[in-house]
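Keep the 3D view open as you read.

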Amino acid sequence: MDKKIDPKRTWPKGYEPKEDPGEDLSIRLGLMTNILNKKTEKKLNTDIFKVMATRRSTRKFSKNPVEKWKIDKILAAADTAPTAGNFQGFEIFYISDKETKEELVKAANKQAYVNTPLVLVFCMNPTRVKLDFPAKVIMKFSIQDATLAAAYSQLAASALGLSSIWIGMFDEEKVKEIIGTELRPTSLLCIGYPIKKRPAKQRRQLKELIHVVEKKD
Ligand SMILES: Cc1cc2nc3c(=O)[nH]c(=O)nc-3n(C[C@H](O)[C@H](O)[C@H](O)COP(=O)(O)O)c2cc1C
């Protein structure tokens, strides 16, 4: 791709998609449609149910980097998540350097596995949510927007043969300072290749999880 900075580009400085997402954003503004639809370099596990059933968090990652085309897809996947009023009340901080990752490890209770090949910080951005509701509701929407976006990225990473660890335990103020924002971070998503592929974890029985509500006549 041309390294010259295009003023009309749809991606930020410091992150450049492998493939140009194209100029036609009329289909879904802001969504890197071309990236999502692009034929992949490898055959993927695209059965969403299989992806869900086999996803397993990891804390032991290999040093292998995440391919650029996979990073593109993980970021584009976040952009497909539903958001309150479609206002996209969240932001993603893409951590591209080693030093910042090491600082994030410290801010995350010294969880060393935060330092993975791909680190994304999802933040709330309630100011984007232009709905006439009380501030408390807007905050709730924004936290849900950021969380859903991260979950979509996490599933996309699994579909791409990667693994991840969702980090919720961190010092919010420190993370804000490290990434240089006033926005409240909701989760760190740390992605890479697992050293070992492990089966999905047990969950409770559906009968314990699901509560049927049925009004008696
Ligand atoms: C809201 C939330 C916060 C989490 N925070 C952490 C964390 O700070 N550190 C960590 O090692 N794992 C964290 N995890 C990962 C969970 O421990 C993991 O998802 C859980 O054990 C289920 O395993 P699975 O993802 O393989 O199904 C978090 C997950 C969620 C959803």
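In this predicted model, the largest nonpolar core holds 42 residues, and those with the most contacts inside it are Leu 104, Val 121, Phe 122 and Leu 188. Several elements give two or more residues to this core: the helices are H3, H4 (98–107), H5 and H6 (172–179), and the strands are S1 (90–95), S2 (118–124), S3 (163–167) and S4 (185–192). Strand S2 gives the most, with 7 residues.

Leaving aside neighbours within four places in sequence, which residues is Phe 122 in contact with? They are Phe 90, Ile 92, Ala 146, Ala 149, Ala 150, Pro 185, Thr 186, Ser 187 and Leu 189.

Two packed helices are described by the angle between their axes and the distance between the axes. For helix H3 (residues 68–78) and helix H5 (residues 135–159), the axes come within 7 Å and cross at roughly 145°. The crossing of H3 and H5 is right-handed. On the H3 side, Lys 73, Ile 74, Ala 77 and Ala 78 take part, and they meet Ala 149, Tyr 152, Ser 153, Ala 156 and Ala 157 in H5. By class, the residues of this contact are 7 nonpolar, 1 polar and 1 charged. Around the ligand you will find Arg 56, Ser 57, Arg 59, Gln 111, Ile 165, Trp 166, Ile 167, Gly 168, Met 169 and Lys 201. This shell divides into 4 nonpolar, 3 polar and 3 charged residues.

Finally, let's look at the backbone in two loops. Most residues other than glycine have a negative phi, and most peptide bonds are trans. Asn 86, in the loop between H3 and S1, has a positive phi of about 60° although it is not a glycine. Is Asn 86 buried or exposed? Asn 86 is exposed, because there are 9 other C-beta atoms within 10 Å, and a residue counts as exposed at 12 or fewer.

Asn 109 sits in the loop between H4 and S2. Its phi is also positive, near 60°, in a residue other than glycine. Asn 109 has 11 C-beta neighbours inside 10 Å, so Asn 109 counts as exposed.

Technical notes:
Residues are numbered from 1 along each chain as its sequence is written. This is a predicted model: local features need pLDDT of at least 70, side-chain atom pairs count only at pLDDT 80 or more; totals for chains, interfaces and linings use all residues. Axes are lines fitted to C-alpha atoms, for helices over the stretch in contact, and angles run from 0 to 180 degrees between N-to-C directions. Helices (H or I, at least four residues) and strands (E, at least two) are DSSP runs, numbered from the N terminus. A crossing is left-handed if the near helix is turned anticlockwise from the far one by less than a right angle, and right-handed if clockwise. Two residues are in contact if their C-beta atoms, placed from the backbone, lie within 7 Å. Ala, Val, Leu, Ile, Met, Phe, Trp, Tyr, Cys and Pro count as nonpolar, Asp, Glu, Lys and Arg as charged, and the others, Gly among them, as polar. A residue is near a molecule or strand if its C-beta atom, placed from the backbone, lies within 6 Å of it. A nonpolar core is a set of buried Ala, Val, Leu, Ile, Met, Phe, Trp, Tyr and Cys residues joined through C-beta atoms within 7 Å. A residue is buried if 20 or more other C-beta atoms lie within 10 Å of its own, exposed if 12 or fewer, and partly exposed in between; C-beta atoms are placed from the backbone.
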